[in-house]
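Work through these exercises with the sequence and the model side by side. Try each task before you read its solution.

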Amino acid sequence: MEAFFEFFSFADANVRYVTIGSVLLAASSAVVGCFTYLRKRALVGDAVAHAVLPGVCLAFILSGTKNPFILLIGAFITGWLSLICIDFITSRSRIKEDTAIGLVLSVFFGIGILLLTAIQHSGNAAQSGLDKFLFGKAASLVGEDLIAFSVVAVVLLISTIVFYKELTLLCFDQAYARTLGFPVRALELLLTTLTVFAVVVGIQAVGVVLMAAMLITPAAAARFWTDRLPVMLLLAALMGAFSGIAGAFVSYTAPAMPTGPWIVLIISMIAILSFALAPGKGWVARIIRQRRNRSLVLEENLLKLLYHLGEQKQAYTVAHSLQELLQRRAIPEKQAKAGLQKLKSQGYATKSAEGWHLTTQGQRRGQRVVRLHRLWELYLTQYLHLASDHVHEDAETIEHIITPELEQKLMEELSFPVLDPHSSKIP
Amino acid sequence: MILQVNDPVVEVHDLTVSYDRKPVLWGIDLTLPAGALVGVIGPNGAGKSTLVKAMMDLLPTGSGYVRIFGQPINEVRKRISYVPQRESVDWDFPASVFDVVLMGRYGKLGLFSRPRKADKDAAMEALQKVGMEAFAKRQISQLSGGQQQRVFLARALAQNADIYFMDEPFAGVDIATETAIIELLRIMREQGKTVIVVHHDLQSAAEYFDWVVLLNMRLVASGPTERALTQELLEQTYGGKLTVLSKVGDLLRKQEFPSREVKS
């Protein structure tokens with residue numbers, strides 16, 4: 001807890017820098033990732049992320065320093081090379097893109113690990129810390145590194161704002177963009193370059209192995225909350241930034257911990273929560289909707305049942321015992337009781353010593369369900385030419401969802417019928 | 001019956017297009033008059049969409065050239081508009097109807113500049129023309145097929161072009177939309193625009209178009225509807241594939257052989 005306050009008071013200048021750095025890196029890769037995601041090139045980001053490792057190692061071997069600019073250039077070159085390889089393989093052979101990505105990713109990463117191991121065994125004094133590229137270490141973002149990477153991150157953010165219109169068009173409808181005269185090849189190149197840069201700066205915090213998560217996960221999570229692209233970009237940036245701060249915090253309090261896995265776990269938690277809780281599309285919203293549907297069906301079925309019994313006796317508000325109801329329709333007793341209680345609390349039914357009654361409103365609603373049921377049966381026999389013994393099951397579900405407008409339309413199309421296909425009166 | 005016109009708006013000369021080395025269009029030579037409503041008609045796999053895409057330079061061509069208003073297409077992009085097939089994009093994209101229609105103005109804006117108020121007015125006007133102004137704020141994934149088609153049409157209208165290429169605008173739309181679209185096309189023709197439409201329904205072709213292009217891997221006919229849409233020519237178009245032609249195409253693909261010795 002103490003560490004928490006110590007960190008979030010930002011009193012330590014080092015903490016401030018690390019936090020700013022992580023936020024910028026995570027936010028910029030999240031924003032670029034939104035476009036990669038919308039272009040359905042998520043896997044390409046993963047391939048680039050793995051392919052920068054040999055570049056970093058080669059740059060180190062050749063220069064002998066850990067100067068961030070030199071390592072960046074190395075990373076950029078092999079990242080790019082991997083994309084060219086993927087393009088070349090897909091266009092010149094029968095191999096499909098997903099296979100090509102898998103091939104390129106593993107070959108480049110394999111070479112990267114090979115070089116990294118060679119460096120670690122070479123006894124070079126400066127080699128310590130290169131392995132942070134594997135799993136990331138946000139706390140090492142200080143001094144020159146921080147400035148270099150932050151500048152790139154800011155450039156990335158600005159580029160996506162400047163090219164917002166063009167990138168959107170490219171992601172939505174590439175062919176149309178060409179007919180408008182936009183330089184589509186150049187824009188593709190731009191987006192690829194932005195992706196490579198986002199990966200190259202992001203690996204400082206997350207590491208190559210998990211970098212793809214930083215590109216794609218915030219975009220996928222943000223998409224659940226909104227249908228508007230600007231909002232999606234902003235949300236993705238915020239989610240990325242939050243996980244960035246969390247990663248920096250972990251890196252600060254537990255220096256032995258690799259930051260990448262923590263950042264990825266946190267952004268993944270955000271994504272899972274988004275899938276679950278997002279309004280309309282989330283799991284929870286869907287479960288609630290289904291429950292509501294089920295209880296609506298149960299209530300209306302009970303009302304219909306009471307109405308049917310009343311119809312036989314031509315007396316709608318007389319009492320019926322629970323047993324009588326259950327004999328007529330197989331509803332589990334517990335459910336029936338709960339449903340009746342609910343109808344009672346809603347004012348559609350009452351309970352007396354003899355059993356359950358419909359109220360006047362309950363009778364109206366029961367009548368409407370029965371009417372819709374019989375109208376739909378009639379519609380199916382007349383318009384779909386279904387046999388009259390086949391239509392009951394369909395009407396059992398449709399009766400619950402027909403709106404008043406549709407009901408009116410049905411009445412008109414059937415020219416205000418009196419009897420259903422089974423010669424029952426349509427109430 | 002291949003009628004060539006003077007001062008054509010579109011001139012296609014010796015156009016051959018291949019997919020994966022297999023030619024799907026062989027040596028197309030055709031000219032189209034200004035202010036016509038042109039239907040490109042033929043069976044499935046005849047290369048109708050391919051012809052339109054090749055005209056718009058969306059596909060690499062094996063030979064030949066296309067001139068629009070007497071110039072290469074890249075010189076006259078601002079006067080040309082394209083309505084792609086509805087299925088060619090992902091309608092789950094996070095954009096509103098208005099956002100998509102506004103894209104029609106991007107060509108005029110060029111790189112870097114943002115849509116101005118006048119562009120938004122033009123987009124709204126285009127939406128009104130297709131009767132979709134009430135849907136401006138709607139997320140595009142919530143549209144029906146006919147509404148999606150209208151949105152694409154509005155996007156093209158917002159461009160204020162002189163020539164329109166439309167790929168199957170009547171495919172999978174409701175009757176109301178079909179009537180609305182054809183009305184719109186007729187108004188455009190009256191304003192002197194040229195509209196080229198890929199169409200798959202023979203029944204309505206005679207009624208909709210005043211010029212037809214009959215296609216089945218090669219050009220069968222190009223001319224005014226009453227002269228080109230004849231029983232005999234239709235039989236040539238729909239009377240099965242030319243088996244030797246497609247066998248040769250298959251061979252070219254298998255042997256990885258170029259369809260022309262040198263690319264002209």
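**Exercise 1.** Which residues of chain A does UniProt list for "domain: Iron dependent repressor metal binding and dimerisation"?

*Solution.* Start with the ground rules. This is a predicted model: local features need pLDDT of at least 70, side-chain atom pairs count only at pLDDT 80 or more, and totals for chains, interfaces and linings use all residues. Residues are numbered from 1 along each chain as its sequence is written, while chains are lettered from A and ligands numbered from 1 in the order in which they are written.

Now the record. The unreviewed UniProt entry lists residues 359–427 of chain A for this domain. UniProt positions follow the numbering used here, feature names are shortened, and annotations may be inferred rather than shown by experiment.

Next, look at the stretch itself. Residues 359–427 of chain A are 59% helix and 0% strand. Helices (H or I, at least four residues) and strands (E, at least two) are DSSP runs, numbered from the N terminus. The end C-alpha atoms of this stretch are 17 Å apart.

**Exercise 2.** Describe the overall build of chain A, then of chain B.

*Solution.* Step one: count elements. Chain A has 19 helices and two strands. Chain B has 10 helices and nine strands.

Step two: check the radius of gyration. It is taken over C-alpha atoms, and the globule rule is 2.2 Å times the number of residues to the power 0.38. For chain B the radius is 19 Å, close to the 18 Å that the rule gives for 264 residues, so chain B is as compact as a globular protein of that length. Chain A has 32 Å, but a compact globule of 427 residues would have a value near 22 Å.

Step three: read the spans along the principal axes. The C-alpha trace of chain A covers about 100 × 60 × 35 Å. That of chain B covers about 55 × 40 × 35 Å.

**Exercise 3.** Trace the six-stranded sheet of chain B.

*Solution.* Take the order first. The open sheet runs β5-β6-β7-β3-β8-β9 (chain B), with mixed pairing. Two strands pair if DSSP finds at least two bridges between them. Strands β5 (80–83) and β9 (219–224) of chain B stand at the edges; each has a single partner strand, so one side of each is left without a neighbour in the sheet.

Now zoom in. Strand β8 (residues 211–215) of chain B pairs with β9(B) in the antiparallel sense over five bridges. B:Val212 stands opposite B:Gly223 in β9(B).

**Exercise 4.** Trace the three-stranded sheet of chain B.

*Solution.* The order is β2-β1-β4 (chain B), open and antiparallel. Strands β2 (22–32) and β4 (63–68) of chain B are the edges, each pairing on one side only. Strand β1 (residues 10–19) of chain B joins β2(B) over seven antiparallel bridges. There, B:Val12 stands opposite B:Leu30 in β2(B).

**Exercise 5.** How many residues does each chain bring to the contact?

*Solution.* Chain A gives 19 residues and chain B gives 19 residues. Two residues are in contact if their C-beta atoms, placed from the backbone, lie within 7 Å. On the chain A side, the elements that give two or more residues are α8 (164–172), α9 (174–179) and α12 (229–253) of chain A.
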